[in-house]
Amino acid sequence: MKLVRGLTLITLLLSGSAVAENRSLTLMLDWFVNPNHGPVVIAQQKGYFAEQGLDVTIQEPADPSTPAKLVAAGKVDLAVSYQTSLTIDVAAGLPLVRSATLIATPLNALMVLEKGNVRSLADLKGKTIGIAIAGNEEATIGTMLASAGIRYDEVKIVNVGWALSSSLATGRVDAIWGGLRNFETNQLALEGHPARAFFPEEHGVPNYDELVVVANAEHYDADALGRFNAALEQAVTYITNHPQQAWQEFVAYAPDTLNTELNRLAWRDTLPRFALRPGAMDLQGYNHFSQFMAKHGVIEKPIPALKFVIQP
């Protein structure tokens with residue numbers, strides 16, 4: 001696997017010398033704070049950002065569709081996004097670049113109820129699949145179904161908005177796509193509706209980074225981003241070595257909303273998916289996924305992986 005270190009070199013240089021200048025950064029999350037953002041929260045709580053000379057302001061979006069667009073417009077410095085969304089945004093001409101990875105594996109899954117009659121992907125023929133947001137489902141769901149010999153037009157796709165879990169639990173749909181394997185599976189189980197998940201990367205869809213941090217491709221401070229990644233990497237190391245203590249420090253960030261059983265289970269399931277080296281990037285993987293998106297018509301043509309790389 002070919003990895004590009006990008007900001008990792010800066011990280012190493014910074015670790016051996018004092019940070020010369022304090023820098024303020026605004027980071028807008030993709031959603032309200034949750035275990036997916038563990039490294040960011042721990043870096044803030046443990047003072048790792050401050051040790052790197054960074055004053056990071058963490059913001060939650062009023063509209064989850066806007067963070068990357070605000071970065072492109074120069075309104076915020078960084079935003080949490082998705083490799084899939086970043087690929088589409090860059091293809092559309094938005095000046096965005098990946099600066100770090102938070103979650104280094106897919107989280108999306110195709111889910112059905114365990115008590116239902118769908119035991120394999122082949123059983124979805126003629127069934128109804130609920131999705132949250134229309135976009136690249138023909139590429140992803142279509143590829144998964146094709147691995148079981150089913151055409152995309154042999155299922156019915158229904159947009160259920162954010163009511164994914166309830167739509168599946170009540171039988172409105174036979175399966176859902178867009179739920180996260182670390183959240184919706186736990187939520188359904190807690191509500192008495194255990195689910196079975198089919199994972200895209202096991203059924204023809206290339207591996208991809210679920211959560212990434214994006215910066216403005218035309219206006220970024222590579223030194224500050226290197227420091228940011230150094231703090232993230234220190235946070236992931238701490239979380240990996242001290243998962244229970246890190247959980248306590250994570251929920252202390254906002255105890256009224258974070259200290260729940262669902263978040264505790266999601267924290268457990270997210271731990272092995274945090275990027276151990278947030279600044280490192282798999283060029284081959286990004287090229288492969290971009291080619292996949294182009295092949296299925298999500299973007300017009302593949303985007304070279306180097307277009308996503310921050311240059312020190």
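Threonine 270, at 0% relative accessibility in this predicted model, counts as buried, because the value falls under the 20% cut-off that separates buried residues from the others. The residue lies in helix H12, and, when residues up to four places away in sequence are set aside, threonine 270 touches Pro35, Asn36, Ile103 and Asn182.

Helix H12 (261-270) is also among the elements that give two or more residues to the lining of the largest pocket. The space in this pocket amounts to about 1400 Å³, and of the 46 residues that line the pocket, Tyr82, Ala132, Ile133, Trp162 and Gly178 are the closest to its centre. Besides H12, the elements that supply two or more lining residues are the helices H4 (67-72), H5 (83-91), H6 (137-146), H7 (164-169) and H8 (184-190), together with the strands S4 (78-81) and S9 (175-180). The largest share, 4 residues, comes from H5. Sorted by class, the lining of the largest pocket consists of 23 nonpolar, 15 polar and 8 charged residues.

As to the confidence of the prediction, the protein averages a pLDDT of 93, and 93% of the residues score at least 70. Over residues 1-19, however, the pLDDT is below 50, although this stretch has 44 contacts in the model beyond near neighbours in sequence. Where pLDDT is low, the predicted coordinates should not be read in detail.

Key
Residues are numbered from 1 along each chain as its sequence is written. This is a predicted model: local features need pLDDT of at least 70, side-chain atom pairs count only at pLDDT 80 or more; totals for chains, interfaces and linings use all residues. Side-chain values use heavy atoms; hydrogens and water are left out. On a 1 Å grid over the protein atoms alone, a cavity is a set of points where a 1.4 Å probe fits but cannot get out, and a pocket is an open set with protein on both sides within 12 Å along at least five of seven lines; lining residues have an atom within 4 Å of a point. Grid points are joined across faces, edges and corners, and a volume is the space filled by probe spheres set on the points. Ala, Val, Leu, Ile, Met, Phe, Trp, Tyr, Cys and Pro count as nonpolar, Asp, Glu, Lys and Arg as charged, and the others, Gly among them, as polar. Buried means under 20% relative accessible area, exposed over 50%, partly exposed in between (1.4 Å probe, protein chains only). Contact means heavy atoms within 4.5 Å. pLDDT is the predictor's confidence in each residue, from 0 to 100.
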